[in-house]
Amino acid sequence: MKKLVVSVLSTVLAFSLAACGSKQEAAPAPAEGGAQGSQGQEVTLKVGATPVPHAEILKFIQPKLKEQGVNLEIKEFTDYVQPNMQLNEKQLDANFFQHKPYLEQFNKDQNMDLQPVVAVHIEPFGGYSKKIKKIDELADGATVALPNDPTNNGRALALLEKNGVIKLKDGVGISGTVKDIVENKKNLKFKEVEAAMLPRVLEEVDLALINTNYALEAKLVPTTDALILEDKESPYANYLVARPDNKDSEAMQKLAKELTSPEVKKFIEEQYKGAIVPAF
């Protein structure tokens, strides 16, 4: 009889302990741990950029953003189309390579709504040559290479007009095209080329109007190699660009703040020695 009572009590005790064990295993983790894990989670921003100077500037601020929980992934491009297309398709979170007139024209042509976030720097546009030392040495019938995208094409023609090489129709300003040239005393021939290809055709033409980022990639120094160069008052500031759905996000604002920090201003001034000018 005693054995039977002991056996029953043992069985009841075993079930009781098992039930307690089940409850402990099923109990959820403390809420505090989950909240901390969420707050400490790193956010990744994928940003498209041309190699020089844009990617270089982004690489400079990568460590600082990492400290703030933003993992900056930089994807380099050598053209001006794909960074916007991929941003619009959400393959990128932002891009950094273009000035506002180009962005506005691209949005209009492609029916997009990409948004400027912050102006970072100005890249004075210049004219380069391997055949002459001064702009007034351009010979009759010389060939001049221009970017073929509308905004930079007009920008190049405006720079030529400012330096007395041609004259454009009144009022066209930076929106001019080759068809708007009303005075061409040296009978210059114009060759319109994709912007990234301009340094490669420099040997083949008498003068090439080249965006500073591509000039720097080709080891040209704008302040010493350019025959003609925009001044520091150029309205063509380069912007960090995003979409309406993410331009105000916390991570994007951290990126914008670092791109316009005193440290970046000093980096631009020391690294590019006047070839690139901070816009803030």
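Contact here means heavy atoms within 4.5 Å. Keep that in mind; this is a predicted model.

Start with a helix pair. Pro 101, Tyr 102 and Gln 105 of α5 are in contact with Pro 150, Thr 151 and Asn 152 of α6. What is the makeup of that contact, nonpolar, polar or charged? Three residues are nonpolar, three are polar, and no charged residue takes part.

Now the geometry. Helix α5 covers residues 100-110, and helix α6 covers 150-162. Their axes come within 8 Å and cross at roughly 140°. Antiparallel would need an angle over 145 degrees, so α5 counts as oblique to α6.

Next, His 54. This residue sits in helix α3, residues 51-67. Is His 54 buried or exposed? Its relative accessibility is 0%, so His 54 is buried. Its side chain makes a polar contact of 2.7 Å with the side chain of Thr 50. Leaving out residues up to four places away in sequence, His 54 touches Ala 49, Phe 96, Phe 97, His 121, Glu 123, Asn 213 and Asn 238.

On to the cores. The largest nonpolar core has 30 residues. Which of them touch the most other members? Tyr 128 and Ile 210. Several elements supply at least two residues each: α5, β4 (115-122), α7 (198-201), β10 (207-210), α8 (212-217) and β12 (237-242).

Look at Tyr 128 itself. Beyond four places in sequence, its contacts include Leu 202, Leu 207, Ile 210, Leu 220 and Pro 222. Asp 206 and Asp 225 are also among them.

Last item. There is a second, separate core of 29 residues. Among its members are Val 47, Phe 96, Ala 251 and Ile 268. Phe 96 is also one of the residues that His 54 touches.

Definitions and conventions: Residues are numbered from 1 along each chain as its sequence is written. This is a predicted model: local features need pLDDT of at least 70, side-chain atom pairs count only at pLDDT 80 or more; totals for chains, interfaces and linings use all residues. Side-chain values use heavy atoms; hydrogens and water are left out. Axes are lines fitted to C-alpha atoms, for helices over the stretch in contact, and angles run from 0 to 180 degrees between N-to-C directions. Helices (H or I, at least four residues) and strands (E, at least two) are DSSP runs, numbered from the N terminus. Angles under 35 degrees count as roughly parallel, over 145 as roughly antiparallel, 65 to 115 as roughly perpendicular and the rest as oblique. Ala, Val, Leu, Ile, Met, Phe, Trp, Tyr, Cys and Pro count as nonpolar, Asp, Glu, Lys and Arg as charged, and the others, Gly among them, as polar. Buried means under 20% relative accessible area, exposed over 50%, partly exposed in between (1.4 Å probe, protein chains only). A polar contact is a pair of N or O atoms within 3.5 Å; within protein, one must be able to donate a hydrogen and the other to accept it, and residues adjacent in sequence count only if both atoms are side-chain atoms. A nonpolar core is a set of buried Ala, Val, Leu, Ile, Met, Phe, Trp, Tyr and Cys residues joined through side-chain atoms within 4.5 Å.
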